[in-house]
Amino acid sequence: SHGNKFYQNNLPGALTSLVSEGAHNFTEIIKTLLEDIVTNISLLVFAFILLFKLNIMCGMIMASWIILFAIASCIFLPSLNYFSMELTNCNASIRGFLVDCITNISSIRFFSQKNYERKISENKLDSALKMEYHVEVESMKLWSIYSFGFIFAQGVCIFYLIREWANCRVT
């Protein structure tokens, strides 16, 4: 006779969680690489060329914003990555748990372990909710720094452009 641990860790649920997360993550990596990274780098290079031709001071301000962007990314992305991976593991575990429960429903009913299953499902959902909270908080911190840094850089650039325009150096 097999116990609950056998049914939870060795049957379709474990395979389902591994396969579904692997396939989803691969397509997300390719999508991010092609759509976001390549497009944004080419737009950034083009914008810097135009900005430096327009006004060197504005170009320097925007370059400093990019440096702030990189520093903030280096500070916050490791914790965001950790919580995201934990959330992914929690979600995969929940999917696997649900598949195991559905495929083993007759065994669970026969051996009357529904309270055990309920307790495990509540723990898994609580863990997933905590990780989701941490991911949201870290994302909010990172995007707040990005946003405020960008708004500040844009404000300084506009200030310098207005000042240069008033001195008839920019048309």
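Visitor: Where in α3 does a kink lie, and what is meant by the bend at a residue?

Guide: The kink, of about 40°, is at phenylalanine 76, shortly before proline 78. The bend at a residue is the angle between two axes, one fitted to the seven residues ending there and one to the seven starting there. The model is predicted, with residues numbered from 1 along each chain as its sequence is written; local features need pLDDT of at least 70, and side-chain atom pairs count only at pLDDT 80 or more, while totals for chains, interfaces and linings use all residues. Side-chain values use heavy atoms, with hydrogens and water left out.

Visitor: How many residues does α3 have, and what span is expected of it?

Guide: α3 has 48 residues, and 70 Å is expected at 1.5 Å a residue. The rule takes 1.5 Å times one less than the number of residues. From first C-alpha to last, α3 reaches 66 Å, close to that value. Helices here are DSSP runs (H or I, at least four residues), and strands are E runs of at least two, numbered from the N terminus.

Visitor: Why is the pair of tryptophan 65 and phenylalanine 150 given the name it has?

Guide: Phe, Tyr and Trp rings (for Trp, the six-membered ring) pair if their centres lie within 6.5 Å; planes under 30 degrees apart are stacked, over 60 edge-to-face, and the rest tilted. These two rings have centres 5.0 Å apart and planes at 65°, so the pair is edge-to-face. Tryptophan 65 is in helix α3 and phenylalanine 150 in helix α5, so the pair ties together parts 85 residues apart in sequence.

Visitor: How do you know whether tryptophan 65 is buried or exposed?

Guide: Buried means under 20% relative accessible area, exposed over 50%, and partly exposed in between (1.4 Å probe, protein chains only). Tryptophan 65 has 14%, so it counts as buried. Phenylalanine 150, at 34%, is partly exposed.

Visitor: What makes tryptophan 143 and tyrosine 146 an aromatic pair?

Guide: Their rings are 5.0 Å centre to centre with 90° between the planes, which is edge-to-face. Tryptophan 143 is exposed at 54%, whereas tyrosine 146 counts as buried at 7%.

Visitor: Which residues make up the largest nonpolar core?

Guide: A nonpolar core is a set of buried Ala, Val, Leu, Ile, Met, Phe, Trp, Tyr and Cys residues joined through side-chain atoms within 4.5 Å. The largest has twelve residues, including Phe76, Leu80, Met131 and Tyr146. Seven of them, the largest share, come from α3.
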